[in-house]
Amino acid sequence: MKTVYSRPKSLKMAQFHYCPGCGHSIVHRLICEVIDEMNLQEKVIGIPPAGCSVFAYHYLDIDMAESAHGRGAAVATGIKRAFPEAIVFTYQGDGDMAAIGTAETIHAANRGENITTIFVNNAVYGMTGGQMAPTTLPGQKTTTTPYGRDSILEGHPLKISEMLALVKGTTYIERVAVNSPANIRKTKKAIKKAFQTQIDKLGFSVVEILSPCPVNWKMSPLEAWRWIDKEMSQEFPLGLIKDTTGRKDAD
Amino acid sequence: MTKVLMNGSSAIAEAAIRAGCQCYFGYPITPQNELTEYMATNLSRRKGCSFVQAESEISAINMVYGASLVGVRAMTSSSGPGISLKQEGISFLAACELPAVIVNMSRGGPGMGSIAAAQSDYFQATRGGGHGDYRTIVMAPSSVQELADLTHRAFHLADKYKTPVMILGDGILGQMMEPVKFKHEAPAEPPIRHDALRGAKGRRSKFIKSLTSNDTELEELNWSLFRRYELIKKKETTYETFLADDAELVVVAFGIAARIAKGAIKTVRSEGLKVGLLRPVTLWPFPAEAVQELAKKVKHYLVFEMNMGQMIEDVQLSLEGKGEVSFYGRPGGVIPTPSEVARVISRLYYQKGLSK
Ligand SMILES: Cc1ncc(C[n+]2csc(CCOP(=O)(O)OP(=O)(O)O)c2C)c(N)n1
């Protein structure tokens, strides 16, 4: 019998604590598949953030160390500077990366730190119960924008990936989503390319992943998938944002 | 090695390199820029070493956290406002039981304060500073030589107890030049901590974290930290006494204030006053036993600080009411002279009727 699907070696035998329909578990799995395929389990160090994915170390069977909220890029910088042989990635939510951690992220990128950021954009603060994130859409209701995000009072969705594209130290940035089998495949490809960029020592790489949060969006998982297509990806268009690696896709 | 003339901040940097410090991350702030600049010149191009001028003190301390995770000796330095920003990271280092050395060349506060030397960060340094139930070892040198010696020791203690260690200097110590002798050579191959996080090679994967949803686990961590802190108190408390044997009045001062006090004590001694000095070298752990020992003979104490009275609380706690404590302080970056302190000492001496 041919095995067509199995648990990646670097994914622990543990039940995810994530809510039904949450995108984090898909992203975790994809990272593990890439780690296995690229044979990185022994040299990778992951930095989970403060956020829903803080317990990523319960699932990824690799060395990991928690970062304070938003400081992932600085922690990763310290790791990579002290131990350049490691393959280092941060795993960050939109609040973590685009609000409290903006400075750390932009400056690590500007230094061209040879690290990878997996940026999970779910347009809300998931862990703290669905407050507004910098990426919350105009008009979107959250617990701290109960009347819908009003751009006059609460600003606009922050496009940190596009901002990072302006920075010389970044070489590969792509926005993908995990709301359909086709998009999930593209996400995996992007993660692989980001790690390859780091292996090739080409600088800072980012994979932004639009990811459903049905519970805080107050939708069914299916509605959440559709909302990413219909609403979120209008504001955050999917596709390649920057690629100066001069290399073809990893596979 | 022969003696060289150096400013205090550079001496710390040189001593750190000789202690095997491989990573320095900092953000400019006066009065400690010489330290950062020395590292930029002398550490950044060393094999296996890294220097980063970070975008903020928050980033700098988190880079230290990263380097410490992978088992490398790492350091950051700053002054007052920047040390406030580092507190988040120091709390994480303590929680994750990671060694690091943090230098505070303190200046006048609160707020932006001034760039002149002050000792107003005593509370912040000795009470933990950041959130949560933790301690940091705090060392208070009072000469350039001691800055160098204690920097070496700071790295050793940080590794030994897996804890952040702070060197609390001040603007004078950082800037002044004195002859200094470095007693160690930089190791050819700086050691990597054996429990470092360096990829799951030849062992199972592991993770380092402080968040838990398990109260028992967190209580256990706090207990284990507490036991370590008790051990540190027992083994690593250091202090210096000066002319204290026959003293009827003991001045308690740390850092540069102790240096000033020494000058004052020499003056009043020449006038026949029996005055001595107790200088805590570790501010945490505070030399409480040394104070209690003194209290068997000495009733009168003058705490002298360049702030409005912070260490005085530790002196009072240590005395447990067994002595009379007076205070003289100059806050706001004002540097008192030895003759000024000598006048304060003599006035107190006569007021307390010690001349008879
Ligand atoms: C300094 C600090 N401030 C606030 C928090 C509380 N906090 C934890 S996670 C989080 C935001 C999480 O949102 P996001 O980064 O978008 O990730 P998600 O949970 O949605 O995956 C906040 C505000 C914290 N842990 N530390």
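Modeller: An oxygen atom of the ligand is 2.7 Å from a polar backbone atom of G126(A), a polar contact being a pair of N or O atoms within 3.5 Å. This is a predicted model, where local features need pLDDT of at least 70, side-chain atom pairs count only at pLDDT 80 or more, and totals for chains, interfaces and linings use all residues. Residues are numbered from 1 along each chain as written, chains are lettered from A and ligands numbered from 1 in written order, and side-chain values use heavy atoms without hydrogens or water.

Biologist: Which residue has a polar side-chain atom 2.6 Å from an oxygen atom of the ligand?

Modeller: C52(A) uses a backbone N or O atom, 2.8 Å from an oxygen atom of the ligand. At 2.6 Å, with a polar side-chain atom, we find D94(A).

Biologist: How much of the ligand's area does the protein bury?

Modeller: Areas here follow the Shrake-Rupley method with a 1.4 Å probe. Taken alone, the ligand exposes 590 Å², and the buried part is 74%.

Biologist: Which element gives the most to the shell around the ligand?

Modeller: The shell has 16 residues, each with a heavy atom within 4 Å. Helices are DSSP runs (H or I, at least four residues), and strands are E runs of at least two. Both α3 (94–100) and β5 (124–125) of chain A give two or more residues. With four residues, the top contributor is α3(A).

Biologist: How do the residues of the shell divide into nonpolar, polar and charged?

Modeller: Gly counts as polar here, and Asp, Glu, Lys and Arg as charged. The division is six nonpolar, eight polar and two charged.

Methods: Polar contact = N/O pair within 3.5 Å; in protein donor to acceptor, adjacent residues only side chain to side chain.
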